[in-house]
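Here is a briefing on one structure. Please look it over before reading the points below.

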Amino acid sequence: MSHAVVPDTDVPKRPSWVRRNKLAIAPWIFLIPALIFFAIYVVIPIFESLWLSLYEWNGLYNVDGESTAVWVGFDNYVKLWDDPNFWTSLRNNIAWLVLYMLAVPLGLFIALFLNQTVTGMRFYKSMFFFPFVISQVVVGLIFGWFYNPDFGVVGTVWKAIFCEETTNILGNVTFTCSRPAPDILSSPEWATYGIIAAGLWPQIAYCMILYLTGLNNVASDQIEAARLDGAKGWKMLWYVVVPQLKPATFIAVVVTVIGALRSFDMIAIMTQGGPFGSTNVLSHYMYEVAISEYGERYGYGSSVATVLFGIMLFFISYFLWRMYQDERGGR
Amino acid sequence: MFPKPIEKSGPATRAAYQAFLPFALILWLLPLLAIFLTSIRSAADINSGNVFGWPSEFAIIENYTAVFTQSAAAQYMWNSVLITVPTVVISVALACLAGYALAIYRFRVALPLFFLFVAGNFIPFQILMVPVRDMSVQTGLYDTIAGQFLFHAAFQTGFCTLFMRNFIKALPFDLVESARIEGVAEWKIFWYVVLPLVRPAIAALAVLIFTFVWNDFFWANVLTQGEGAKPITAGVRALNGQFVNNWHLVSAASLLAAIPPVVCFFLMQRHFIAGLTLGAVK
């Protein structure tokens, strides 16, 4: 150890602690507002929900302002296991996940179809994207009407094919149909698929736009080289184009998985989980049990939310891991 | 380019493609066209089952006025504006700050914090529902405009920070480095060097967050009760109950609800798309 560290009075005053550490302090000053806000409304509520799933609570407080929640341990999860509505919802969630994935290839095919330069192409591209911009509530209403067996598109087309129009003596028009028009949204077997089909409409548009942007970056020299080697059609698509679209595919898969698991609006609008709970998914079932007309069941609702969160966490971890790989590869 | 550019094929193929495009577009937008046609029909047409034929009369003005005079649609629309605009301002502002911190400074928790914002952006709303609702009731924010935009702003900060951080990270770092050597204060670097460069990102986020929050339905149900604070999405659902079987009015109301995001999209298309690709696909 040397004695040179003793401050020399001649040396100008050392800069203040803040000044010396400015590069260590500055990021926190920039971060704090966002962090606090995000913590209050997002991070902390996650843990509160996890904790609350171990309680039974109707959301009320007693006169002293204390919560009336009662600790029940894993009771809510035991109940969940025996709850047929929970299993229906989970099964529908899987149906959503699997069928929603169709949006990725379908989006790619529309993008390939539109990836040309003719006059007015920009207009066509933006019009094809249209369904994504409008609210899912509106999409739900549109399709609810579209599927209506009496006066919707399905009903009208059906009448044209299977029904005969007869006018009786009083001049009233009646239809005699060889088969009754299908009421898709009232059928426990078909309602979920009807809603998923409606949900695919905006989601395909989203994937399409991702691929259209991706196709802009496809290296044309590679395509030409492959073409000279005699690659065309499916082979060209699969071996030359699709690998170059990897970043677009990744984002498309991410947003489609998230979209499938988040589906709530359409179900709430089109069937409210019915008929007989057959179109429920976890996100809607959670809402239904937590805030229902039969009184609030916050604890039980939280346990449903926890299961959904667990499923989502599985995908989120995978996405983050992929992003982490990219980060390490980068700067 | 793939597939083969159409201008390299024969005139017949080109003509066929040109002719097929409008047809494909109509097919794709059929549900939307159908609802638009419904919204300009008279009630008599709907009742007599004339849903697809030529309207017996055009009731476009009557129907759209009826939506406003017979329901609280104007109030719902205004509520949506009051919720959406502050959300955009707050979340984009916070994300500029946080994105700058996460992109420019090298500190140990930078990446974990960044991933926290990313992960927060992907979680299901339901895991937040009960605590956020309870907190809003406790603080008197339940069934208010502020209660909604505060939540939306906090939640969207995750997405905005993700986007902003990646955008700033892609800027040339030398700019910041040389400003530091010149002895420029850190906040001045942020304000005078970085902020002017992230304007495109701000524009992209603004249109995107506007659309996301305008179209929100879940939180409108969780955080509001009456007409006073409900946005148009929840309002349309209420109208749907009120106008039972008055499909011409329901369609008109739905289309009205869709107009602001659609206008926003068409005005700022390039920014909108840049935002949707999360900055990952350039």
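The points below cover cavities, a surface patch, salt bridges, contacts between residues apart in sequence, and backbone angles.

The model is predicted. A search of the whole structure finds three cavities of 30 Å³ or more. Over all chains, the structure holds four salt bridges.

**Largest cavity**

- The space in the largest cavity comes to about 950 Å³.
- Its lining is made of 40 residues. Nearest the centre of this cavity lie A:Phe132, A:Gln136, A:Arg262, B:Phe125 and B:Phe212.
- Helix 8 of chain B (residues 145-169) supplies the largest share of the lining, with five residues.
- By class, the lining of the largest cavity holds 24 nonpolar, 13 polar and three charged residues.

**Second largest cavity**

- The second largest cavity has a volume of about 60 Å³.
- Its lining counts 13 residues. B:Ile104, B:Ile168, B:Leu171, B:Pro172 and B:Val176 lie nearest its centre.
- Four helices of chain B each supply at least two lining residues: helix 5 (73-104), helix 8, helix 9 (174-181) and helix 10 (186-197).
- Helix 10 of chain B gives the most to this lining, with three residues.
- Eleven of the lining residues of the second largest cavity are nonpolar, none is polar and two are charged.

**Nonpolar surface patch**

- A:Trp28, A:Ile32, A:Ile36, A:Ile40 and B:Val109 make a nonpolar surface patch of about 400 Å².
- B:Val109 sits in the loop between helix 5 and helix 6 (110-122) of chain B.
- The relative accessibility of B:Val109 is 34%, so this residue counts as partly exposed.

**Salt bridges**

- A:Glu56 pairs with A:Lys79 in a salt bridge, with the closest N and O atoms 3.8 Å apart. This pair links distant parts of the chain, 23 residues apart: A:Glu56 is in strand 1 (residues 55-56) of chain A, and A:Lys79 is in helix 3 (residues 75-81) of chain A.
- A:Glu56 counts as partly exposed because its relative accessibility is 44%. A:Lys79 is partly exposed too, at a relative accessible area of 35%.
- A:Glu224 and A:Arg227 form another salt bridge, at 3.5 Å from N to O. Both residues lie in helix 10 (residues 220-228) of chain A, three residues apart, or about one turn of the helix.
- A:Glu224 is partly exposed, with a relative accessible area of 33%. A:Arg227 has 25% relative accessibility and so counts as partly exposed.
- In chain B, the side chains of B:Arg180 and B:Glu186 meet in a salt bridge of 3.1 Å, N to O. Both B:Arg180 and B:Glu186 are buried.

**Residues apart in sequence**

- A:Asn92 belongs to helix 4 (residues 84-100) of chain A. The residue is buried because its relative accessible area is 10%, and the cut-off for buried is under 20%.
- A:Asn92 and A:Ser278 are 186 residues apart in sequence. Their C-alpha atoms are 8.2 Å apart in space.
- B:Phe190 lies in helix 10 of chain B. At 7% relative accessibility, B:Phe190 counts as buried.
- B:Phe190 and B:Val176 are 14 residues apart along the chain, and 8.7 Å separates their C-alpha atoms. B:Val176 is also one of the residues nearest the centre of the second largest cavity.

**Positive phi angles**

- Most residues other than glycine have a negative phi.
- A:Gln272 is not a glycine, yet has a positive phi of about 50 degrees. Its place is the loop between helix 13 (265-270) and helix 14 (282-290) of chain A.
- A:Gln272 has a relative accessible area of 51% and is therefore exposed; the cut-off for exposed is over 50%.
- B:Asp143, also not a glycine, has a positive phi of about 65 degrees. B:Asp143 is found in the loop between helix 7 (126-138) and helix 8 of chain B.
- B:Asp143 counts as partly exposed, at 27% relative accessibility.

Notes
Residues numbered from 1 in each chain as written. Chains lettered and ligands numbered in written order. Predicted model: local features only at pLDDT ≥ 70, side-chain atom pairs only at ≥ 80, totals over all residues. Heavy atoms only, no water. 1 Å grid on protein atoms, 1.4 Å probe; cavity = no way out; pocket = protein on both sides within 12 Å on 5 of 7 lines; lining within 4 Å. Points joined across faces, edges and corners; volume = space filled by probe spheres on them. Nonpolar A, V, L, I, M, F, W, Y, C, P; charged D, E, K, R; others polar. Patch = residues over 30% accessible without salt bridge, like charges linked within 9 Å, V, L, I, M, F, W, Y side chains within 5 Å. Areas by Shrake-Rupley, 256 points an atom, 1.4 Å probe, with all protein chains shown as cover. Buried < 20%, exposed > 50% of the residue type's maximum accessible area, 1.4 Å probe, protein only.
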